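This briefing sets out selected features of one protein structure, grouped by topic. Please read it alongside the sequence and coordinates displayed below.

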Amino acid sequence: MEGLLFPIIMLTVTLVGGGIFLLVLKHQKPKHQSGEESAAIRTAQEFINVRDVKDKYLYTKDGLVLTFLRVHSISIDLYSKSEKHSLIRQLTAELSDIQYPFKFMAVSRPVDISPLIADMQSMLKEAGDKQKELLRQEILQMSGYALSGEIVERQFYISIWEKQEDGAEKDLFKRAALLAEKFTGNGIGCDVLTEKEIVRLLNLINNPSYTHLEDTEYSASVPTLKEDIYA
């Protein structure tokens with residue numbers, strides 16, 4: 001009997017110690033996971049680094065104020081070689097006197113073709129039988145492109161910034177307006193983004209599920225076909 005007492009005691013101690021160890025792990029695991037989730041949230045917030053967007057300016061958490069310009073794209077396919085070289089020389093000369101840092105961004109976004117579909121739907125009411133069939137097929141195909149997001153366009157932006165202090169917004173806007181004139185003077189459209197346009201740009205860059213729309217709403221919607229196109 002005495003020979004069996006020691007193994008029984010060792011087995012009991014082992015079971016009790018193992019149970020205590022499992023309880024400690026069970027209580028510590030949620031805390032560890034919660035810490036990882038908090039760190040991930042903090043990292044995402046620090047990555048965006050946006051404190052506020054107001055009027056034509058974006059304010060960052062590290063004390064900077066930014067403004068953005070959109071440079072309209074142009075087609076140079078019909079330009080001759082001499083015209084292309086002339087445009088390059090003019091833009092180089094205009095931009096050579098810039099003595100402050102700036103950031104150039106080129107992003108892709110889905111093209112909003114809903115106005116084109118609406119025009120074809122209005123044409124459908126006055127078209128003949130053969131034209132109606134062609135228009136219906138074209139509307140279906142264009143709507144498929146809109147839903148799939150296969151039609152994209154490149155958009156170009158420039159951001160400039162200054163330290164946030166008294167009068168920084170005024171100086172920054174003056175600098176942005178002069179920079180825009182350098183492009184518009186050479187036949188390239190360029191304008192300063194407004195508050196809503198800045199929010200759209202931020203979503204376009206930082207939110208992969210964002211669908212760009214031309215209206216003033218921030219929420220996205222899916223284009224649908226109207227039933228009267230089959231009438």
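In which loop is Asp55 found? Asp55 lies in the loop between β1 and β2, the latter spanning residues 57–59. The model under discussion is a predicted one.

**Overall architecture**

- The protein chain contains six helices and six strands.
- Along the sequence, these elements occur in the order α-β-β-β-α-β-α-α-β-α-β-α.
- Of the 231 residues in the protein chain, 24% are buried.
- When contacts between residues at least 6 apart in sequence are considered, 71% of them join residues at least 24 apart.

**Packing of α2 against α5**

- Helix α2 covers residues 81–95 and helix α5 covers residues 168–184.
- The two helices pack at an angle of about 165°, and their axes are 9 Å apart.
- Because an angle over 145 degrees counts as roughly antiparallel, α2 and α5 are assigned to that class.
- The crossing formed by α2 and α5 is right-handed.
- On the α2 side, the contact involves Leu91, Glu94 and Leu95; on the α5 side, it involves Leu179, Lys182 and Phe183.
- By residue type, this contact of α2 with α5 comprises four nonpolar residues, two charged residues and no polar ones.

**Asn49, in the loop between α1 and β1**

- Asn49 is located in the loop that lies between α1 (2–48) and β1 (52–54).
- Leaving aside residues up to four places away in sequence, Asn49 touches Thr60, Lys61 and Asp62.
- Asn49 and Asp62 are separated by 13 residues in sequence, while their C-alpha atoms are 7.6 Å apart in space.

- Asp55 has a positive phi of about 60°, although it is not a glycine.
- For context, most residues other than glycine have a negative phi.
- Is Asp55 buried, partly exposed or exposed? Asp55 is partly exposed, having a relative accessible area of 41%.
- That class applies because the range for partly exposed residues lies between the 20% limit for buried and the 50% limit for exposed.

Notes: Residues numbered from 1 in each chain as written. Predicted model: local features only at pLDDT ≥ 70, side-chain atom pairs only at ≥ 80, totals over all residues. Heavy atoms only, no water. Helix = DSSP H or I, 4+ residues; strand = E, 2+ residues; numbered from the N terminus. Buried < 20%, exposed > 50% of the residue type's maximum accessible area, 1.4 Å probe, protein only. Contact = heavy atoms within 4.5 Å. Axes fitted to C-alpha atoms, helices over the stretch in contact; angles between N-to-C directions. Parallel < 35°, antiparallel > 145°, perpendicular 65-115°, else oblique. Left-handed = near helix turned anticlockwise from the far one by under 90°. Nonpolar A, V, L, I, M, F, W, Y, C, P; charged D, E, K, R; others polar.
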